[in-house]
Each structure stands twice: as structure tokens, then as C-alpha cells.
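User: I'm new to this one and would like a walk through it. Can we take it question by question?

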Amino acid sequence: MNEQRIVTLLTDFGLSDVYVGVMKGVIAQINPTLKVIDLTHEIPPQNVAAARFCLMNAVPYFPKETVHIAVVDPGVGSNRRGVAIEFAGGFLVGPDNGLFNGILSQNPAISAVELTNYRYWRTASPSTTFHGRDIFAAVGAHLASGVCLEELGTVINPESLVKLPIAECREKDGILEGCIQYIDRFGNLITNIPGNLVIDKTWTVKIAEVNIPGKRTYSDVPIGSLIALVGSHGWVEIAVNNGNAQSKLQLNYGDQVKVLHS
């Protein structure tokens, strides 16, 4: 048994109900020595795209061999697969609905299984509304305790894993075209345009008829003004100094963004 692995949890369950605590209880019943770290439980309900982004940006900060359990699962109880995945940075456990697409685009899957071996579930008759408790928490705890990935179910082709239909960043004639991939609690609009494409350049974000200057820090513009910058996550984001860019621009997930640079 490997008792040193870390388990992380990411869900849209919030903290006002007992769902997260119950998942931790399931993990503790299997192996109380595991260290469990909460990434967030405030993903907007059923927002798989937000879960994808948050997981993608959190995973690199954890030791290899960490088991990441992520449950944002609008298809719970349906025929969507539950999966466990090994990649270069550790393991992923959760529903196969695209929420792992972000991290796997940076660190391709080594192997994957569909979670069909109920011996590693909390119960062979799981709730149709709470696979986080009855399947994913239990499987993640067993995996972190040294159970081999292949023991957890049926081996599947990693290429068959679901991918979210998020437009890719493209460049044409000096214009970068991308989209909003995440909106944080401050209303900052994070795009899928890598920040390294604008570093040391003069650049502007264009949305509809609005031109937003590319700067280095929020305070480079007056309070209440729009600004574009490279966030700590490494992506181009649109913000308002001491304000809310989503409210100001009325943009949402998937909306197109262009960056002009020279």
C-alpha cells in the first residue's frame, strides 16, 4: 500500500450540503492515512467547461502520483462512462464527459479504464444521483492506496475519451482568434489564447467594436477601465480594474475573442 499519495477533490457540490464531507468519509473508510486536498467545490453547477479549466490549471502544482477526483457530472446515472486515467502527472478519476480534456491536451493519457469493477466501489448498487460518493471517491481511494489501474475496470482506448467542443486558438494574418474558456469569481474573462504569444509585443483585444489594450498589471489602467493581460494561469484574460468584465461586456463561455499584435 502506498500511503503517501495525495488525493484532490474538485466538484460543483458547494459547501452548504454534506456531499463533499461524505466523499471524504468514504475515502477515510478505505484509507484514513491519505491526504485529501480540496481544489474547489464552487464550480458553477453542471459547468463542465469550468471544471475542465480549473483542473487543467491546478494539476501541475501537485506531486506526480497524485490522484485527482473530479465530479461535475450532469449525466450522472446515464450511460456516460466513469473512468480512471493515468497520465504523466498522476491519475484522474471521474465521469467521461470532457472535464479531463484540458489536462490531457497538455499531458496525454498513458492508459485508461472504464470503471466496471464494482469490487472497488462503495457499493455494487450505486445511487443513480451520487456516483461521486458511491464510485469515484471509493475508486480514487483504492487507486491512491496502490490498486493497479487495470484492476479497476475495462481497459479503453484513451482516444475514445470524450472531448469538449472548445474552439482552438488560431493565428491568421497577425490576428489570434480564440474564445472565452473560463470566467472566474471576479468576472475576469479567461481566453484560450496562450500568453506567450503576446509577450514582448504590442497587442490589443478586439471584441465586437470594443478595443481593449494589452497591459502588464491591472493597475496599468484607471479604476473601472477594461484591460487585457496575461493572468497567473498563463492565458490572455480580459478584466476591469476593480470591476467585473463579464458584467461590463456581457460575454459568456465560448464567445469569440480576437487579439491583434505586432
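Predicted model: local features only at pLDDT ≥ 70, side-chain atom pairs only at ≥ 80, totals over all residues.

User: How many helices and strands does the protein chain have?
Analyst: Let's start with the secondary structure. The chain's tally is 5 helices and 15 strands.

User: What is the radius of gyration of the protein chain, and how does that sit with the globule rule?
Analyst: For 262 residues, the globule rule gives 18 Å. The chain's own value is close to that, so it is as compact as a globular protein of that length. The radius of gyration is 20 Å.

User: What share of the contacts with a separation of 6 or more comes from residues 24 or more positions apart?
Analyst: Contact here means heavy atoms within 4.5 Å. Counting contacts in the protein chain with a separation of 6 or more, the share from residues 24 or more positions apart is 67%.

User: Which element supplies the largest share of the largest nonpolar core?
Analyst: That core has 30 residues, and Ile69, Val93, Leu115 and Leu152 touch the most other members. At least two residues each come from β1 (6–11), α1 (19–30), β3 (66–71), β5 (90–95) and α4 (131–144). The largest share is 8 residues, and the element supplying them is α4.

User: Is Trp235 buried or exposed?
Analyst: Trp235 sits in strand β14, residues 235–240. Together with Cys54, Val83 and Leu92, Trp235 is among the 28 residues of a second, separate core. Buried means under 20% relative accessible area. Trp235 has 14%, so it counts as buried.

User: How far apart in space are Trp235 and Ile180?
Analyst: In sequence, 55 residues separate Trp235 and Ile180. Going from C-alpha to C-alpha, the distance in space is 10 Å.

User: Where is Asp173, and is it buried or exposed?
Analyst: Most residues other than glycine have a negative phi. Asp173 isn't a glycine, yet its phi is positive, about 55°. Its place is the loop between β8 (170–172) and β9 (175–183). With a relative accessible area of 71%, where the exposed cut-off is over 50%, Asp173 is exposed.

User: What is the relative accessibility of Asp200?
Analyst: Asp200 also isn't a glycine, and has a positive phi of about 65°. Asp200 is in the loop between β10 (189–194) and β11 (203–207). Asp200 counts as exposed, with a relative accessibility of 80%.

User: How far apart are the centres of the positive and negative side chains?
Analyst: The protein chain has 20 positive and 24 negative side chains. The centres of those two sets lie apart by 2 Å.

How values were computed: Residues numbered from 1 in each chain as written. Heavy atoms only, no water. Helix = DSSP H or I, 4+ residues; strand = E, 2+ residues; numbered from the N terminus. Rg over C-alpha atoms; globule rule 2.2 N^0.38 Å. Lys, Arg positive; Asp, Glu negative; His and termini not counted. Charge placed at Lys NZ, Arg CZ, Asp CG, Glu CD. Core = buried A, V, L, I, M, F, W, Y, C linked by side-chain atoms within 4.5 Å. Buried < 20%, exposed > 50% of the residue type's maximum accessible area, 1.4 Å probe, protein only.
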